[in-house]
Amino acid sequence: MALLLTACGPDDGAKGQGDGSAGPVITPTATAPVPHGKGSRLPDDVNGDGYPDLRVPVPSGKGGLPSWIAFVHGSSHGLNPATRTVLRHRDLGLPSQDVTVAGATEVATADLDGDGYADVTTTAGEPLGKQETERTQATVRTVPYVSWGGPGGPHRARSAARVQLTGPNDGVDAQSPTVGDFNGDGHHDLALVRADRHSLLVLYGPFNRAGEATRTVPYASPLEGHGEIGDLIADTIADTADGPRATDLVVHAVNDNDQSGSALLTAGSHGLSHTSRRLREGNSITFGDFDGDGRRDVAVGDSGTRDDEPGVETERPDIGKTVSVYHKGAAQAAGSVPHPLKVPGMSGTLAAADTNGDGTDELAVSLGRGGVELLTLRGSHPATTRIAGRHLLTRAAPAVVDGKTIRKGERAARLYGVADFDRDGKDEVVLAWGPGLAFSRYGERPEWWWITDGTTDKTAFSSKPFAAKAKAKADAD
């Protein structure tokens, strides 16, 4: 049984390029058995059947906060919203909720023990003893945990393992760990911002079940006076014809939706380099092969938003709403910035998507008015890269949802992610929408999902019923 909700474009049926094919949104009220695979090398395959899964937040009903998480499983036919796994904190074996636990969306998946099933990692607060509280003036230390996966997802009866850092008193920032393969050995690794935000840790896999990595390497911040570390962005893990590929890492400075500095750490057989390349300032970063040469490039964008910080009046007027592409291996003077490409509608988020399977990624740019623009780039030299094609992809909720009127300015979907859920060699672009200001302003609490091939919908569904099913299960327990 399923309910159908009609979806139309952001102008009440006006068909812009890419939105004329938007169909009904399916609201699944039943579930289907989750396939138990034999294991894969994918970091986002929690049931090990060889297909990536889509991670979505599920409101718990306690103030609408997303304290549960769902995985909609991929297959040879793509995503089926009825084939899903919903996990609560207790299912992840995390510590008591009497201490601070990261929200369910602040998790990462990776096969840390090498058994072919993605594990779930997150951070949680560890209460400090009286002496350490007096010494540090803090009551909680944030540390990472890993919930070990298996054919049916994380084992609900097993406690999560506390990831071992450099010592028992070491702690990390509360954001979720960043997943990569930073030495190209085929084992998944973790990168974490340390609690001081002036250094980071890279934990090279495989991990044992006690949460100990094969080796742990500390890195000083490469930002060189650009402030504290805000987040870490890793290239996508993928196997090539020659085997696993080492994934680079970008260290990005803290920002309040303004532009901020970042530095690129390149990966090799011995791990990430301790020397870095400085990148232009911006507030969105992604990796992709934008020139089709088989090497991974880095795109840095600046949406133009500012917090009226000192000096904003002196910056170049053409730096906002631009993207610069650093091509891998391209000759470029130290400290130089590639020619910026103007993208008038961008709002911040960038992603790479190969929607036609030709081996060259399009640059997916999230738009301030909603939707995404897919840019085809040409040229592999920093000074000659240009935008050769643009394709607009938009989806939106109708004027009335669940009997409530949705204001026109709050109905547009946003770019959520990119993945090849059916493993046909062509990426799907995911757009999401949620009701209320939490979504329209911050992108929080999405409930509607469109899985597209870059033009038409492959499936579209609402995740709202997931919460009811999860609550019934929780009550039964």
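Colleague: Let's start with charged pairs: how do Asp 235 and Arg 296 meet?

Modeller: A salt bridge is a side-chain nitrogen of Lys or Arg within 4 Å of a carboxyl oxygen of Asp or Glu. Here the side chains of Asp 235 and Arg 296 form one, at 3.0 Å from N to O. The two ends come from distant parts of the chain, 61 residues apart: Asp 235 sits in the loop between strand 14 (229–234) and strand 15 (239–240), and Arg 296 in the loop between strand 22 (284–288) and strand 23 (297–302). Helices (H or I, at least four residues) and strands (E, at least two) are DSSP runs, numbered from the N terminus.

Before we go on: this is a predicted model, where local features need pLDDT of at least 70 and side-chain atom pairs count only at pLDDT 80 or more, while totals for chains, interfaces and linings use all residues. Residues are numbered from 1 along each chain as its sequence is written, and side-chain values use heavy atoms, with hydrogens and water left out.

Colleague: Is Asp 235 buried or exposed?

Modeller: Buried means under 20% relative accessible area, exposed over 50%, and partly exposed in between (1.4 Å probe, protein chains only). Asp 235 has 3%, so it is buried. Arg 296, with 18%, is buried as well.

Colleague: How many salt bridges does a search of the whole structure find?

Modeller: The search finds 21. One of them joins Glu 126 to Arg 141, at 2.8 Å from N to O. That pair spans 15 residues, from strand 7 (residues 119–127) with Glu 126 to strand 8 (residues 140–147) with Arg 141. Both Glu 126 and Arg 141 are buried. They also belong to a salt-bridge network with Glu 132, Arg 135 and Arg 162.

Colleague: And where do Asp 422 and Lys 458 lie?

Modeller: Their side chains meet in a salt bridge at 2.7 Å, N to O. Asp 422 is in the loop between strand 32 (414–419) and strand 33 (428–433), and Lys 458 is in strand 35 (residues 457–462), 36 residues apart. Asp 422 is buried at 10%, whereas Lys 458 is partly exposed at 41%.

Colleague: Now for rings. How many aromatic pairs does the search find?

Modeller: A pair of aromatic rings is described by the distance of the centres and the angle of the planes. Rings of Phe, Tyr and Trp (its six-membered ring) pair if their centres lie within 6.5 Å; planes under 30 degrees apart are stacked, over 60 edge-to-face, and the rest tilted. The whole structure has four such pairs. Take Tyr 416 and Trp 449: their centres are 4.7 Å apart and their planes at 85 degrees, so the pair is edge-to-face. Tyr 416 is in strand 32 and Trp 449 in strand 34 (residues 448–452), so the pair ties together parts 33 residues apart in sequence. Trp 449 is buried at 0%, while Tyr 416 is partly exposed at 36%. There is also an aromatic cluster made of Trp 433, Trp 448 and Trp 450.

Colleague: Which ring face does Arg 215 lie over?

Modeller: A charge sits over a ring if NZ of Lys or CZ of Arg is within 6 Å of the ring centre and within 35 degrees of the ring normal. Arg 215 lies over Tyr 204, at 4.1 Å from the ring centre.

Colleague: Last one: how many residues of strand 23 are buried?

Modeller: In a regular strand the side chains alternate between the two faces of the sheet. In strand 23, Asp 297, Ala 299 and Gly 301 point one way, Val 298, Val 300 and Asp 302 the other, and all are buried. That makes six of six.

Colleague: What does strand 23 pair with?

Modeller: Two strands pair if DSSP finds at least two bridges between them. Strand 23 pairs in the antiparallel sense with strand 22, over five bridges, and Ala 299 is the bridge partner of Thr 286. It is also antiparallel to strand 24 (residues 322–326), again over five bridges, where Gly 301 stands opposite Val 323.
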